[in-house]
Amino acid sequence: MLKGVDPLLGPDLLRALRAMGHGDEIAIVDANYPAEAHAQRCVRADGHSASAMLGAILSVLPLDRMVENAAFRPVPPDRPTHPVHDEFDTIVEIHEPGVAVRTLRGEAFYNRVKSAYLIVATGERRLYGNIILRKGVIHEETTAPTDRLARTHGTPKLEKAVQ
């Protein structure tokens, strides 16, 4: 266990998220998706919903603000949206205000999943419970002051870090 890190983020997933660079994409897919067959790298999250994994991942992963779209979901053939998509929209808005989840149709979505840096295979049983995220950057001003002091001057005394 780690302080401030969602327990759904296991060591393999944390390593993969940390290794991703700006612009790399991660796909969170449902239990029906052939993740192992399509993945360059696959981390299994069986037993967890796509929504739960999305929230956990967005607790540590910034989305790309330098492009027009940084979150994508498929468009089901039977109707434009499913309840799981409403959950995705809400979770993305909570973690990344102002970022909208865009739709991609058919092969455009699935080809993008196949080219993702990482696929997280969840236990999501709801159909079309898939989402792609494009990793952004963490700007220096969003780093805690104590982190900047520690990197620059060694470990600072608490009194200096508070100032």
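Biologist: How many aromatic pairs does the structure hold?

Modeller: Keep in mind that this is a predicted model. Rings of Phe, Tyr and Trp pair if their centres lie within 6.5 Å. By that rule, the number of aromatic pairs in the structure is 2.

Biologist: Are the rings of tyrosine 33 and tyrosine 110 stacked or edge-to-face?

Modeller: Happy to go through it! A pair of aromatic rings is described by the distance of the centres and the angle of the planes. Planes under 30 degrees apart count as stacked. The centres of tyrosine 33 and tyrosine 110 are 5.9 Å apart and their planes are at 15°, so the pair is stacked.

Biologist: How many residues apart are tyrosine 33 and tyrosine 110?

Modeller: Tyrosine 33 lies in the loop between β1 and α2, while tyrosine 110 belongs to helix α5. The pair thus links distant parts of the chain, and the separation is 77 residues.

Biologist: Which residues form the aromatic cluster?

Modeller: Tyrosine 110 also pairs with phenylalanine 109, with 5.2 Å centre to centre and 85° between the planes, an edge-to-face arrangement. Phenylalanine 109 is buried at 0% relative accessibility, and tyrosine 33 is buried at 9%, whereas tyrosine 110 is partly exposed at 22%. The one cluster is made of Tyr33, Phe109 and Tyr110.

Biologist: Is glutamate 25 buried or exposed?

Modeller: Glutamate 25 is placed in strand β1. Buried means under 20% relative accessible area. Because its relative accessibility is 8%, glutamate 25 counts as buried.

Biologist: Which side chain does glutamate 25 join in a polar contact?

Modeller: Beyond its neighbours within four places in sequence, glutamate 25 touches residues including Phe72, Arg112 and Tyr117. The polar contact spans 2.6 Å, and the partner side chain is that of arginine 112.

Biologist: Over which ring does the charged end of arginine 112 sit?

Modeller: A charge can sit over a ring if CZ of Arg is within 6 Å of the ring centre and within 35 degrees of the ring normal. For arginine 112, the distance from the ring centre is 4.1 Å, and the ring is that of phenylalanine 72.

Biologist: What arc do the buried residues of helix α1 cover around the axis?

Modeller: The buried residues in α1 are Leu13, Ala16 and Leu17. They sit on the same side of the helix, because the arc they cover is only 100°.

Biologist: Which exposed residues does the face of α1 turned away from its buried side carry?

Modeller: On the buried side, the cover includes β1, β2, α3 and β5. The face turned away carries Pro11, Arg15 and Arg18.

Terms used: Residues numbered from 1 in each chain as written. Predicted model: local features only at pLDDT ≥ 70, side-chain atom pairs only at ≥ 80, totals over all residues. Heavy atoms only, no water. Helix = DSSP H or I, 4+ residues; strand = E, 2+ residues; numbered from the N terminus. Buried < 20%, exposed > 50% of the residue type's maximum accessible area, 1.4 Å probe, protein only. Polar contact = N/O pair within 3.5 Å; in protein donor to acceptor, adjacent residues only side chain to side chain. Contact = heavy atoms within 4.5 Å. Phe/Tyr/Trp six-rings, centres within 6.5 Å; stacked < 30°, edge-to-face > 60°. Arc of directions from axis to C-beta.
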